[in-house]
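Subject: A model to look at

Hello,

Here is the structure I promised to pass on.

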Amino acid sequence: RGVVSTGSKTTRAAPLASYAEAGNVIISRGKWLTEFLDEFEGFPYTSHDDQVDAVSMAFGYLAKKRNRRIAAPVSVVSGGWVA
């Protein structure tokens, strides 16, 4: 189902960015990873930001659905983004 977005993409990405900066995000390796991380590293100054927005909205949805803060994973990634 579709979800109507509100606010700017930068505002929507802030909670995920904070969570990642704390070392609480683990990303699986794959052929897509370089392009994915390049988009995140260039955000908000890159021309492509759809993956950032989609992941940010999914993070927000899951956090809200759980009606609490998302718990840190057991395995914390150094640097936040990549295992």
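**What covers helix α1**

The cover over the buried residues of α1 includes α2 and α3. Here a contact means heavy atoms within 4.5 Å, and buried means under 20% relative accessible area, with exposed over 50% and partly exposed in between (1.4 Å probe, protein chains only). The buried residues of α1 are Arg12, Ala13, Leu16, Tyr19 and Ala20. As a reminder, an α-helix has 3.6 residues a turn, so residues three or four places apart point the same way.

Before going further, please note that this is a predicted model: local features need pLDDT of at least 70, side-chain atom pairs count only at pLDDT 80 or more, and totals for chains, interfaces and linings use all residues. Residues are numbered from 1 along each chain as its sequence is written, and side-chain values use heavy atoms, with hydrogens and water left out.

**The overall picture**

The protein has three helices and zero strands, giving the pattern α-α-α along the sequence. Helices (H or I, at least four residues) and strands (E, at least two) are DSSP runs, numbered from the N terminus. Of the 83 residues, 28% count as buried. Among contacts with a separation of 6 or more, 66% are between residues 24 or more positions apart.

**More on α1**

With 13 residues, α1 reaches 18 Å from its first C-alpha to its last, close to the 18 Å expected at 1.5 Å a residue (the expected span is 1.5 Å times one less than the number of residues). Where does α1 bend? The bend is at Pro15 and comes to about 35 degrees, taken as the angle between axes fitted to the seven residues ending there and the seven starting there. After α1 comes Gly23, with a positive phi near 85 degrees.

**Salt bridges**

How many salt bridges does a search of the whole structure find? There are three, counting a side-chain nitrogen of Lys or Arg within 4 Å of a carboxyl oxygen of Asp or Glu.

- Lys9 pairs with Asp49, with the closest N and O atoms 2.8 Å apart. Lys9 lies in α1 (residues 9–21) and Asp49 in the loop between α2 (33–42) and α3 (50–66), so the pair ties together parts 40 residues apart in sequence. Lys9 is partly exposed at 28% relative accessible area, while Asp49 is buried at 17%.
- Asp50 also forms a salt bridge with Lys9, at 3.7 Å between the closest N and O atoms. Asp50 is in α3 and Lys9 in α1, so this pair ties together parts 41 residues apart in sequence. Asp50 is exposed, at 59% relative accessibility.
- Asp53 and Arg12 meet at 2.9 Å, N to O. Asp53 belongs to α3 and Arg12 to α1, so this pair ties together parts 41 residues apart in sequence. Both Asp53 and Arg12 are buried.

**Confidence**

The mean pLDDT (the predictor's confidence in each residue, from 0 to 100) is 81, and 80% of residues reach 70 or more. Confidence is lowest in α3, at a mean of 88, and highest in α2, at 93. Over residues 72–83 pLDDT stays under 50, and the model has 27 contacts beyond four places in sequence for them.

Best wishes
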